[in-house]
Structure formats: structure tokens, C-alpha cells
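Here are my notes on the model you sent. Please keep the sequence and the coordinates open while reading.

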Amino acid sequence: MTYGGDVAFRVAGADRRCVGARRGGCPLRAVVPGRSSGGQCPQCARLDRSRSVAADTMADDPRPYAVYLAWFGPGLVKVGITAGERGSARLLEQGAVTFTWLGRGPLMAARRTEELLRAALGVPDRIAYKDKRAVRAALPARAERAREIEEWHGRAGALAGWPESLERAPFEAVDHAGAFGLEGLRPMTGVVTGLAPDAVVAGRLLAAAGPDLHLATADGGVVVLDTRLMSGWELAGAGGPAAGMSVPVKSVERGVQGGLF
């Protein structure tokens, strides 16, 4: 897909099937709800969590990990960790507009640093996608974005109690607004709440941040599709934007986007 290009598909299958643990296919071929962003049955979801850094079930992982601060909009800053070998992939997956590294070291040292920032600075390790979407069309300038996350980097670096085995990283802002297509983005007017058999999604791609596609629709609106809703469905082409939208869309009133969904 390219920005300015068409996105158009219809749901061809009758049921949404579990994608399985680690996307390896579900042995039960279980049916999952159309509004679920996970696309997994409970059994496969538990199997994925059984070997998950996020669930603290991989304390013996010998790989180096990196700690980062991610910025999604004014006041929306989170701390997180990612396997060092993945580079910035995790930040792109989350839709981080700007980020900076804090340090690198063993998994448990990275985890302790994450907990230190959460406890001492009140920085969360999760930000809801509804909050990220609400601010993407009204971001401050790049220099202001970098300045805010630099302030957080300074506060984090001034804390006592960092693990000695974590090698600290100097401040360097990495900005993804261009990669996501966010410059000049129009405010969204709705968000897709789920797919269903024979439903159609069609529009012109304006931006793509994390799992979210911002689509300009034939009626002049801008609808956000969380692509995680697509997993497990059988999909087919649907022509172009003129095919229209026939999926459930929750309207978002302009100017108060953050409080309506």
C-alpha cells in the first residue's frame, strides 16, 4: 500500500477463525468475535502468553534488551522494553510518533529500569490506541515533539537506582511522523468497530500508524481501521473507494475525539 493509493476489500468468509499461537494456525479452527483485536481463541492466547516478555514469563531470555521512551502526543509518553535485535520495529508497531532510547542491557535490568520510571515518574507502560488516534491530526511541530521527550529523558537519567548492568544511551529523538504519513493529516470522523461477513472497507490511504489505517472515504470522511480486526477473516478485493463502507463505524465528533470512543 502507498499513501494516496486505494484500499478496498470485502469479507468473503462466513466466520472469523483464530489465527493460532504465534500466528501458526489454531488446531481447533475456533471461531472468534468480529470485534476482537486479538484474533485468537482463549487457548491460543494463553499459549502465547506462556512465553511472553510482557507477561514476565521469559526471565531466562539471554538476549540484550533496550529500554525506550515513546511519545504519541502532548502528555502521552510511555516507557517500554524491546529485544535489542528488533531495533525500532516495536516502536513502529505501536505507532510511536517520536522516541528515544534510554539504555541497553540484560532483560531483568531493562525490566527494573522500566519499573523505576513507572514508580518514580509515573510514566505508564501502556497507552490505549483510542488515545493515540485522538491526537494524531493535531500534533505539535517536530522540534516541540523532540523537546518534550528530551525533558522526559533528562528526568529519567537523573533518577537514582538504575541497574549497573544497563548501559545508558544518550538522548536522540527518532521521529516517525513522515513514515506514518501524519503531516497534514485530516481529523478522523469515525473508527471501524468490527468486521462481518460480506462487509466492505474502501477508501484512500492517508496515513498508517501502528496497526491503524486512516482512510479517506467517498462521503468525505476519514475513518480509522485497526488492521488487527482483519486477522482471521477471509478477504477479497472490492474494486476501489467507490465501493463504500459497509462495516460498523462509530462516529467521532470533531474537536472532542478523545472522549467519544
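1. **Strand β1 and its partners.** β1 and strand β11 (residues 235–237) run antiparallel and share 3 bridges. Val 11 stands opposite Leu 235 in β11. Strands here are DSSP runs of E, at least two residues long; helices are runs of H or I, at least four residues long; both are numbered from the N terminus. Two strands pair if DSSP finds at least two bridges between them. β1 (residues 6–11) is also joined to β8, antiparallel, by 5 bridges. There, Asp 6 has Arg 204 as its bridge partner, and Val 7 has Gly 203.

2. **Basis of the model.** This is a predicted model: local features need pLDDT of at least 70, side-chain atom pairs count only at pLDDT 80 or more, and totals for chains, interfaces and linings use all residues. Residues are numbered from 1 along each chain as its sequence is written, and side-chain values use heavy atoms, with hydrogens and water left out.

3. **Strand β8.** β8 covers residues 200–209. How many of its 10 residues are buried? The count is 8, and the strand is mostly covered. Buried means under 20% relative accessible area, exposed means over 50%, and partly exposed lies in between (1.4 Å probe, protein chains only). Ala 207 has His 214 of β9 as its bridge partner. The hairpin of β8 and β9 has 2 residues between the strands. Gly 210 in this hairpin takes a positive phi near 60°.

4. **Strands β2 and β3.** Strand β2 (residues 65–73) pairs with β3 in the antiparallel sense, over 8 bridges. Tyr 68 has Gly 80 of β3 as its bridge partner. These two strands form a hairpin with 2 residues between them. Gly 75 sits in the turn and has a positive phi of about 80°.

5. **Burial of β3.** Is β3 (residues 76–83) mostly covered or mostly open? It is mostly covered: 8 of its 8 residues are buried. Both faces are covered. One side carries Leu 76, Lys 78, Gly 80 and Thr 82. The other carries Val 77, Val 79, Ile 81 and Ala 83. Note that Lys 78 is among the buried residues.

6. Two residues deserve a check of the backbone. Arg 29 is not a glycine, yet has a positive phi of about 50°. It is found in the loop between β1 and α1 (42–49). Asp 198 is also a residue other than glycine, with a positive phi near 70°. Its place is in the loop between β7 (190–192) and β8. Asp 198 counts as exposed because its relative accessibility is 60%.

7. **Sequence distance against space.** Asp 48 lies in helix α1. Asp 48 and Ala 21 are 27 residues apart in sequence, and 5.4 Å apart in space, C-alpha to C-alpha. Leaving aside residues up to four places away in sequence, Asp 48 touches Gly 20, Ala 21, Arg 22 and Gln 40. Contact means heavy atoms within 4.5 Å. Gly 122 and Val 97 are 25 residues apart in sequence and 20 Å apart in space, C-alpha to C-alpha. Gly 122 is found in the loop between α3 (107–121) and α4 (129–135). With a relative accessibility of 55%, Gly 122 counts as exposed.

8. **Overall fold and size.** The protein has 6 helices and 12 strands. Its C-alpha trace spans about 55 × 45 × 30 Å along the principal axes. Why does the radius of gyration agree with a compact globule? With 261 residues, such a globule would have a value near 18 Å, and the protein has 20 Å. The radius is taken over C-alpha atoms, and the globule rule is 2.2 Å times the number of residues to the power 0.38.

9. Buried residues make up 47% of the 261 residues. Of the contacts with a separation of 6 or more, 71% are between residues 24 or more positions apart.
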